[in-house]
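Biologist: I would like to learn how to read a model like this one. Could we go through it feature by feature?

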Amino acid sequence: MLFRSVPDTTSATSVFSATTPGASVIRAIESGLPDGDSGLITVAKLTEIYVDGDTGSDSNPGRSDTPKKTIQAAIDAVADGGTVNVEAETYNESVLINKPLTLNGIDEKPVITGDNLVNNYIVKVDGTANVVINNVEINGGGSGTGDNIF
């Protein structure tokens, strides 16, 4: 972990930034706290996360050059109102969307299937509004032509 101190010349505040390769920036702010007290630590989530079921890893941060492997890991990691960009692969997983976001297929449609489900759903939007699903095929439910293609 790398640390650097950035003095704030406008107040009695010191800002410390810590970065780990592939991680979000962590900022600790100290503002006249008594010795032994800790400051505020803020971790900002990414507003855009990438998924590649072939080359990704869920331990990756989710940038375009270091994508996540599963859609669920990307949804868990993205900020509210953010975008999850999904490469055209087949994803055998249950996807729970519990925050406002955009789930966006890149180029060709990625397919989320009902194979090997742990839960009793393929995609579930639960307790939230402002969810956009764009250019994604959900396969394994419905019986009519065009069902589950968004």
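Biologist: Is Arg63 buried, exposed or partly exposed?

Modeller: Buried means under 20% relative accessible area, exposed over 50%, and partly exposed in between (1.4 Å probe, protein chains only). Arg63 is partly exposed because its relative accessibility is 34%. Asp65, at 59% relative accessible area, counts as exposed.

Biologist: What links the side chains of Arg63 and Asp65?

Modeller: Side chains of opposite charge can pair when their charged atoms come close. For a salt bridge, a side-chain nitrogen of Lys or Arg must lie within 4 Å of a carboxyl oxygen of Asp or Glu. Arg63 and Asp65 form one, at 3.7 Å from N to O. The structure holds one salt bridge.

Biologist: Before we go on, what kind of model is this, and how is it numbered?

Modeller: This is a predicted model, where local features need pLDDT of at least 70, side-chain atom pairs count only at pLDDT 80 or more, and totals for chains, interfaces and linings use all residues. Residues are numbered from 1 along each chain as its sequence is written, and side-chain values use heavy atoms, with hydrogens and water left out.

Biologist: How many helices and strands are there in the protein chain?

Modeller: Helices (H or I, at least four residues) and strands (E, at least two) are DSSP runs, numbered from the N terminus. The protein chain has one helix and 13 strands.

Biologist: Which residues lie on each face of strand 5?

Modeller: In a regular strand the side chains alternate between the two faces of the sheet. In strand 5 (residues 48–51), Ile49 and Val51 are on the covered face, while Glu48 and Tyr50 are on the uncovered one.

Biologist: In what order do the strands of the open sheet come?

Modeller: Strands pair if DSSP finds at least two bridges between them. Four strands form this open sheet, in the order 5-6-9-12 with parallel pairing. Strand 5 and strand 12 (131–134) are the edge strands, each pairing on one side only. Strand 6 (residues 83–86) pairs with strand 5 over four bridges, and Val84 of strand 6 stands opposite Ile49. Strand 6 also pairs with strand 9 (residues 101–105) over four bridges, where Asn104 is the bridge partner of Asn85.

Biologist: What share of the protein chain's residues is buried?

Modeller: Of the 150 residues in the protein chain, 30% are buried.
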